[in-house]
Amino acid sequence: MIVADLTRDETIDNIKNHIENCLSVSKNAPIVIALNKCDLVEDGAEPHIEKLKQLSPLVIEVASTSAKTAHNVENLFLHLDRFVTKKS
């Protein structure tokens with residue numbers, strides 16, 4: 001799971017590097033991207049989601065999250081769990 005902070009553009013810009021780092025260790029690892037702090041930005045994660053899904057075929061989910069309100073946090077972990085369990 002890669003987490004970016006929607007209030008800091010540099011964390012979103014670094015997602016591609018994080019994906020490359022993950023793939024250098026595990027070539028087939030499923031990747032979930034959490035765009036955190038969606039409660040603090042007006043546009044939410046929507047402007048970024050489709051672009052981030054295209055970074056790698058191993059990106060299985062990109063979602064807006066909020067650690068403060070718990071928005072989508074559990075759903076994202078459950079999605080990753082179902083994917084990994086299904087592959088096992």
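What does the accessible surface of the protein come to, and what share of it belongs to carbon and sulfur atoms? The total is about 5700 Å², and carbon and sulfur atoms account for 51% of it. Accessible areas come from the Shrake-Rupley method with a 1.4 Å probe; for residues, only the protein chains shown count as cover.

The structure is a predicted model, in which local features need pLDDT of at least 70, side-chain atom pairs count only at pLDDT 80 or more, and totals for chains, interfaces and linings use all residues. Residues are numbered from 1 along each chain as its sequence is written, and side-chain values use heavy atoms, with hydrogens and water left out.

The mean pLDDT (the predictor's confidence in each residue, from 0 to 100) is 93 for the protein. A score of at least 70 is reached by 99% of the residues. Confidence is highest in β1, at 97, and lowest in helix α4 (residues 73-87), at a mean of 89.

Four helices and three strands make up the secondary structure. Helices (H or I, at least four residues) and strands (E, at least two) are DSSP runs, numbered from the N terminus. Their order along the sequence is β-α-α-β-α-β-α.

The radius of gyration, taken over C-alpha atoms, is 13 Å. This agrees with a compact globule of 88 residues, for which a value near 12 Å would apply. The globule rule is 2.2 Å times the number of residues to the power 0.38. Along its principal axes, the C-alpha trace spans about 40 × 25 × 20 Å. Of the 88 residues, 34% are buried. Buried means under 20% relative accessible area, exposed over 50%, and partly exposed in between (1.4 Å probe, protein chains only). Contacts (heavy atoms within 4.5 Å) were also counted between residues at least 6 apart in sequence; 64% of these join residues at least 24 apart.

Two sites illustrate the local detail. Met-1 lies in the segment before β1 (2-5). Met-1 is partly exposed, because its relative accessible area is 40%. Together with Val-3 and Phe-77, Met-1 forms a nonpolar surface patch of about 290 Å² accessible area. Patches are made of residues with over 30% relative accessible area and no salt bridge: like charges are joined within 9 Å, nonpolar side chains (Val, Leu, Ile, Met, Phe, Trp, Tyr) within 5 Å. A salt bridge is a side-chain nitrogen of Lys or Arg within 4 Å of a carboxyl oxygen of Asp or Glu.

Thr-7 sits in the loop between β1 and α1 (9-13). Its relative accessibility is 39%, so Thr-7 counts as partly exposed. Leaving aside residues up to four places away in sequence, Thr-7 touches Lys-37, Leu-40 and Val-41.
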